[in-house]
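Here is a briefing on a single protein model. It covers charges over rings, aromatic pairs, a surface patch and the overall fold.

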Amino acid sequence: MTTTTPASPATKKSKRSGRKRASEPERFALLGVWAVLFLVFALLQPDTFPTSANISNMLGSQAVLLVLALGLIVPLRAGDYDLSVASTLNLSAVVVAVLNVNEGWNIWTAVIAAIVASMFVGVVNGFVITRFDIDPFIVTLGIGTVVQGIIYWISNSVTITGVDRQLSDTMLTQPFLSIPLDFYYALALCLVVWYVFDHTAFGQRLLFAGQSRDVARLNGVNVSGLRWTSMIISGGVAGVAGVIYAGTTASADPTSGQAFMLPAFAACFLGSTVLKIGRFNPWGTLIAVYFLVTGITGLQLMGAQQYVQQLFYGGALVIAVILSKLVKSRGERRRRADVRPDVAA
């Protein structure tokens with residue numbers, strides 16, 4: 001007579017995890033494509049592309065975009081869009097310039113005021129979205145337009161130059177390992193977002209609410225509070241991005257911030273297809289940002305026209321959204337397939 005020992009829950013979990021790891025090699029696909037892209041441009045432009053100066057420039061020049069995208073993935077993780085982030089970034093930069101240059105404020109007081117103003121945009125976004133249960137796509141688009149109007153009003157629609165050099169010195173001078181300091185600020189923020197997302201109850205609730213608001217609500221999660229908070233965080237981080245932008249340019253242009261909107265969304269969605277498939281995550285966002293800048297920089301060094309940048313960002317966003325949808329659908333099918341045998345057992 002033979003006996004069969006039932007598999008323990010831990011064994012079942014281990015088997016399921018093993019299947020998941022083996023079935024998701026695509027989570028490293030973008031890293032492989034990035035490496036190939038870098039190698040191709042290094043071979044095509046050996047004198048200019050793989051140089052330390054070019055690599056340092058690529059890392060430092062995208063710090064503003066990376067910070068903005070890291071703020072944007074917070075509401076995205078909760079299932080919301082924030083289309084006002086580019087205007088909020090611009091508002092922050094302009095507030096710093098207006099208060100410091102036109103009004104004579106101390107630079108650090110102006111920086112605090114700019115971040116507070118940016119967080120207020122998030123407060124308004126979150127209030128309208130949760131209080132009146134309106135689609136965040138519409139609300140943030142409208143609020144972003146209002147913010148852009150305020151920017152024109154307080155700046156008189158002109159570029160303000162002459163921001164205190166203390167801010168630029170903090171962002172650019174005394175680079176570490178030949179890389180501007182703003183890159184390390186963005187990297188530190190990436191680490192903070194990773195910790196909050198993966199190691200705090202707040203991060204897990206954000207994910208829960210983003211996957212199914214009704215189920216999260218039925219389990220006692222304060223979904224409205226989470227969505228409102230995520231909007232405030234998004235606004236505040238966009239404000240930090242604006243401060244860095246003002247520091248790197250020592251000026252504030254009332255329109256230039258809008259150029260970050262499309263790249264930020266492209267980086268977020270492309271980042272959700274790497275490392276953690278179907279989830280907005282900070283390290284995936286970082287990889288996506290530098291994948292995009294690698295492609296654009298390589299093409300520009302080969303003599304491509306300026307419009308190639310728009311084509312690259314726009315194409316990347318469309319492809320990333322399609323990939324995100326496909327991997328999410330496949331993930332749902334896998335989860336159902338994993339649940340069925342357990343239920344049958």
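In this predicted model, the charged end of Arg77 sits over the ring of Phe197, 4.2 Å from the ring centre.

**Aromatic pairs**

- The protein holds 11 aromatic pairs.
- Phe41 and Phe49 form a tilted pair, because their planes stand at 45 degrees, with ring centres 5.6 Å apart.
- Phe41 and Phe49 are both buried.
- Tyr245 and Phe260 are edge-to-face, because their planes stand at 80 degrees, and the cut-off for that class is over 60. Their ring centres are 5.3 Å apart.
- Tyr245 lies in helix α12 (residues 223-249), while Phe260 lies in the loop between β2 (251-252) and α13 (261-271). The pair therefore ties together parts that are 15 residues apart in sequence.
- Tyr245 has a relative accessible area of 17%, so Tyr245 is buried.
- Phe260 is also buried, at a relative accessible area of 15%. The cut-off for buried is under 20%.
- Ring pairs also link a cluster made up of Tyr81, Phe137, Phe265, Phe269 and Phe280.

**Nonpolar surface patch**

- A nonpolar patch on the surface is formed by Tyr81, Phe120, Val123, Phe127, Phe132, Ile134, Phe137, Ile138, Leu141 and Trp228. Together these residues have about 920 Å² of accessible area.
- Tyr81 and Phe137 belong to this patch and to the ring cluster.
- Helices α6 (107-132) and α7 (136-155) each supply at least two patch residues.
- Which helix gives the largest share of the patch? Helix α6 does, with 4 residues.
- Ile138 lies in helix α7. Ile138 counts as exposed because its relative accessibility is 53%, and the cut-off is over 50%.

**Overall fold**

- The protein has 15 helices and 2 strands.
- Of its 345 residues, 44% are buried.
- Take the contacts between residues at least 6 apart in sequence: 76% of them join residues at least 24 apart.
- The accessible surface comes to about 17,100 Å². Carbon and sulfur atoms account for 65% of that surface.

Notes
Residues are numbered from 1 along each chain as its sequence is written. This is a predicted model: local features need pLDDT of at least 70, side-chain atom pairs count only at pLDDT 80 or more; totals for chains, interfaces and linings use all residues. Side-chain values use heavy atoms; hydrogens and water are left out. Buried means under 20% relative accessible area, exposed over 50%, partly exposed in between (1.4 Å probe, protein chains only). Contact means heavy atoms within 4.5 Å. Accessible areas come from the Shrake-Rupley method with a 1.4 Å probe; for residues, only the protein chains shown count as cover. Patches are made of residues with over 30% relative accessible area and no salt bridge: like charges are joined within 9 Å, nonpolar side chains (Val, Leu, Ile, Met, Phe, Trp, Tyr) within 5 Å. A salt bridge is a side-chain nitrogen of Lys or Arg within 4 Å of a carboxyl oxygen of Asp or Glu. Rings of Phe, Tyr and Trp (its six-membered ring) pair if their centres lie within 6.5 Å; planes under 30 degrees apart count as stacked, over 60 as edge-to-face and the rest as tilted. A charge sits over a ring if NZ of Lys or CZ of Arg is within 6 Å of the ring centre and within 35 degrees of the ring normal.
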